[in-house]
Amino acid sequence: MLEVLGLTSIETRVYTVLVHGGARRSGEVAAALGLPAMEVAAALQRLIVRSLVVAEKDGRFEALPPDVAGEVLVRHRMQELAVAQVELVRLAGEYHGGGHQQRGKVPVEYAPESEVARRTDRIRRDARREVLHFDTPPYWSVDNDVQLQQQSDGVSYRTVYDRQAIAYPGAIDRIDQCVEAGEQARVTARLPMKVMIVDREVAVLPALWGDTAVPGASAIIKPSPLLDGLIELFERVWADSVPFDRASVSAEARAELDVDDTRLLTLLLSGLTDEAVARHLGVGRRTVLRRARGLMDRAGVATRMQLGWYAAQRGWVQVARADA
């Protein structure tokens, strides 16, 4: 069944073993499945990249709970389907008479790479009420000036940051600057796509992007079922993400955790490596390990996955669906 959501047969079998048998080392999984150790090790690494499996410090691998894992897989597939729909609509415009006149009748406008930065900047500057943003590399620019100006003019920003965005050089300072100006910010381990939605009337969706320095060609999505779907996807991801600003934490949690503990917990739950967390906090990796161990001891848990569950139950982090 999981193959329908993009997993290979081996990845499905490896994940299933971890779900049924609990955390195991790679060799133990290989023995249980009767598969070559190298194939299982490669499958585990791919599952980690997909945020379906977590590598523990003792060398064992632990599966993300199936209900959470299913949501992750569905988001990945929704991204693929959204990109495919963008391309199909563009091709349909070319098929039915081709030229620019016909293309204007469909709710998707194709923006070539050479025009993307200019068009995106113009759409964002025209925002009157709100901007919804899935923030993840690659970037055209890391300049906050336009956003800060818009926030001062009353435009609200809600941004979900991918862990790759948090790990980007200088990201924490830029995010803190936006949050102080009024941005509502949340963090998740992996975003389903990169998209910006302005006033719920238009969205910019990179049609082709990956491990490149800058985004490629993009689609401008106008009012349509596709735009409605992107808005709904944003709200769902927003509801499941971890608040980045301390103001979102309950009063009880603020009484239990100081500012440093809250920031450490947020970074850990975003999926950053210990090295990246240490770099952002300006401390050594050993300090991160010690402080993380302290939080786990306070929560009475043995793994960081359990710490995340406890944090949500205790109110150390709050995940609540937006009213909008």
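**Nonpolar cores and aromatic contacts**

Leu307 contacts Leu265, Leu295, Met296, Ala299, Val301 and Trp316, residues up to four places away in sequence being left out of the list; contact means heavy atoms within 4.5 Å. The model is predicted, and local features therefore need pLDDT of at least 70 and side-chain atom pairs pLDDT 80 or more, whereas totals for chains, interfaces and linings use all residues. Residues are numbered from 1 along each chain as its sequence is written, and side-chain values use heavy atoms, without hydrogens and water.

Leu307 is also a member of the largest nonpolar core, which has 29 residues; together with Ile166, Ile175, Phe244 and Trp316, Leu307 is among those that touch the most other members. A nonpolar core is here a set of buried Ala, Val, Leu, Ile, Met, Phe, Trp, Tyr and Cys residues joined through side-chain atoms within 4.5 Å. Buried denotes under 20% relative accessible area, exposed over 50%, and partly exposed the range in between (1.4 Å probe, protein chains only). At least two residues of this core come from each of helices H8 (163-167), H9 (171-180), H12 (259-269), H13 (274-281), H14 (285-299) and H15 (304-314), and from strand S6 (184-188). The largest contribution, five residues, is that of H14. Helices (H or I, at least four residues) and strands (E, at least two) are DSSP runs numbered from the N terminus. A second, separate core contains 20 residues, including Val160, Val195, Ala219 and Trp238. In soluble globular proteins, nonpolar side chains tend to be buried together.

Two aromatic pairs are present. Rings of Phe, Tyr and Trp (its six-membered ring) pair if their centres lie within 6.5 Å; planes under 30 degrees apart are stacked, over 60 edge-to-face, and the rest tilted. Phe234 and Trp238 form a stacked pair, 6.0 Å centre to centre with 20° between the planes. These two residues are four apart in helix H10 (residues 225-240) and are therefore separated by about one helical turn. Phe234 is buried at 0% relative accessibility, and Trp238 is buried at 2% relative accessible area. Ring pairs join Phe134, Phe234 and Trp238 in a cluster. The charged end of Arg158 sits over the Trp238 ring, 5.1 Å from its centre; this requires NZ of Lys or CZ of Arg within 6 Å of the ring centre and within 35 degrees of the ring normal.

Overall, the protein comprises 15 helices and 10 strands. Of its 324 residues, 46% are buried. Among contacts between residues at least 6 apart in sequence, 70% join residues at least 24 apart.
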